[in-house]
Amino acid sequence: MSIFALQTARAGSKSVPNKNIMEIKGKPLYLHNVEYALKCDLIDDVYVSTDYEVIDDLKSKYGYQVIRRPKELCADDSSHQEVMIHGLEEIERRSGKECEILVVLFGNTLGARTKDLEKAINLLKNDAKASSVQAVSEYTMFNPFRAFKIEEDSGYMNTIVSQEFIQSNLKGKLANDRNSAGKTYFMNGSFWIIRKEALYLNQGLYPFTFLGDNIIPYVQETMMELDAPWQIRFLESALGYSSWPFKE
């Protein structure tokens, strides 16, 4: 079975400029996950889909390959699925192999530890019905029943989740309790591991339809993507991973 890793790391971030190449823990942020994947014996090779010149310049030094992402796939509203398919097809062209499982890494996280990648890949390999594995962290304190939006027409607040859904799905008596929705898991950005057919079919659960319907959770401790300035300190500090500094 051929398994390849593809990191998606484009330039042009508005929330945190150049977040993918920002130095975190002594190296560019994108490089953490790339190096973890390079150490994983289950992965045939590691590619980075990018429009960053510096990532391209460092490929020979660190041993990964670069796929130059076309301009039409570098916009804020570019489809992540199309980026992954573009990368997968280029991987197959260069390697001469069919990529049966794609390990998708993110350039703005550092949670794709080698041992986690190995365990997650084996979970997918050993479950023929599963379409993908998604790295998640439990953030029950961010109960979706307590998430609000501000209505544009009235300026008043309304719940993101409908009142009817909340009332019919309470876990316990108190709607305002942080556990009222049960345990809540959020995609943490460490990795996706996707079967090729699920990626192309793109008919799974929203919002990540390319993961398919049968998604295996890979539960990690505290981890998240870098999408806001305050998270820089989070990743640099002991909070970056609850057992930081961890050992491989």
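**Terms and model**

Two strands count as paired if DSSP finds at least two bridges between them. Helices (H or I, at least four residues) and strands (E, at least two) are DSSP runs numbered from the N terminus.

This is a predicted model, in which local features need pLDDT of at least 70 and side-chain atom pairs count only at pLDDT 80 or more, while totals for chains, interfaces and linings use all residues. Residues are numbered from 1 along each chain as its sequence is written, and side-chain values use heavy atoms, with hydrogens and water left out.

**The sheet**

Strand S1 (residues 3-8) runs parallel to strand S4 (residues 45-50), and 5 bridges join them. In this pair, Thr8 stands opposite Ser49 of S4.

Both strands belong to an open sheet of 7 strands with mixed pairing, in the order S5-S4-S1-S6-S10-S7-S11. S5 (65-68) and S11 (215-220) are at the edges; each has a single partner strand, so one side of each lacks a neighbour in the sheet.

**Helices**

Helix H4 (residues 80-95) packs on the sheet and touches S1, S4, S5, S6 (101-106) and S10 (185-195), contact meaning heavy atoms within 4.5 Å. The direction of H4 makes about 135° with that of S1.

**An exposed loop residue**

Phe142 lies in the loop between strand S7 (132-138) and strand S8 (148-150). Phe142 is exposed, at 52% relative accessible area.

Conventions:
Axes fitted to C-alpha atoms, helices over the stretch in contact; angles between N-to-C directions. Buried < 20%, exposed > 50% of the residue type's maximum accessible area, 1.4 Å probe, protein only.
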